[in-house]
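These are my notebook entries on a single structure. I record what I looked up, item by item.

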Amino acid sequence: MAENDAEGTSVGRQRRSRIAGGARSKTIGVRVTPEERAEVERLAGERGMTPPELLLSAALTESIEGADQVAERRLVAAELMAVQRIIGRTADNMNQIAKKANTVHEVPSDFTAAVAEARTVWFRCEQVLEEFVELNRRAGA
């Protein structure tokens, strides 16, 4: 039961009205199975919270951090895909150089090393992308 101040106003309600944005006036309904309800009630009880407080806290803190991590992984993956495209274009250019070299029978001395390096970077990018795909899959993204 909420405590009352000297004026008879609920302390909890008074504090709530001072929170940025004022008192909460909107609701969100969530359907759960009996097992899920029991688990939410157990977790809330362990933390000294009500089930709605637990769900709100989880939604506005931990899940947002997780969502931020997923968003960050997606951004990094997008950047890696852009780099992979650049490397692909570089490899195409090297193939054109090789074709021309075959035509005139002259290959630059560092061409073989450049091709090897491009392949190494390409395969590493593929590995990193696969890791990000797996991270996103595990995160449910």
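This is a predicted model: local features need pLDDT of at least 70, side-chain atom pairs count only at pLDDT 80 or more; totals for chains, interfaces and linings use all residues.

**Core and surface entries**

Leaving aside neighbours within four places in sequence, I found Ala77 in contact with Leu129 and Phe132.

I then looked up the set to which Ala77 belongs. The largest nonpolar core has five residues, namely Ala77, Leu80, Val128, Leu129 and Phe132. I noted that α3 and α4 each supply at least two residues of this core. The most comes from α4, which gives three residues.

Next I turned to the surface. Ile28, Val30 and Val32 form a nonpolar patch there, and together they have about 330 Å² of accessible area. I located Ile28 in the loop between α1 (11–18) and α2 (34–47).

I looked up Arg119 in helix α4. Arg119 is likewise listed as exposed, since its relative accessible area is 54%. I also recorded a pair: Arg119 and Ile87 are 32 residues apart in sequence, and their C-alpha atoms are 8.6 Å apart in space.

My last entry concerns His105, in the loop between α3 (51–104) and α4 (111–138). What is the phi of His105 near? I read a value near 60°, which is positive in a residue other than glycine. I flagged this because most residues other than glycine have a negative phi. His105 is exposed, given a relative accessible area of 71%.

Note on methods: Residues are numbered from 1 along each chain as its sequence is written. Side-chain values use heavy atoms; hydrogens and water are left out. Helices (H or I, at least four residues) and strands (E, at least two) are DSSP runs, numbered from the N terminus. Buried means under 20% relative accessible area, exposed over 50%, partly exposed in between (1.4 Å probe, protein chains only). Patches are made of residues with over 30% relative accessible area and no salt bridge: like charges are joined within 9 Å, nonpolar side chains (Val, Leu, Ile, Met, Phe, Trp, Tyr) within 5 Å. Accessible areas come from the Shrake-Rupley method with a 1.4 Å probe; for residues, only the protein chains shown count as cover. A salt bridge is a side-chain nitrogen of Lys or Arg within 4 Å of a carboxyl oxygen of Asp or Glu. A nonpolar core is a set of buried Ala, Val, Leu, Ile, Met, Phe, Trp, Tyr and Cys residues joined through side-chain atoms within 4.5 Å. Contact means heavy atoms within 4.5 Å.
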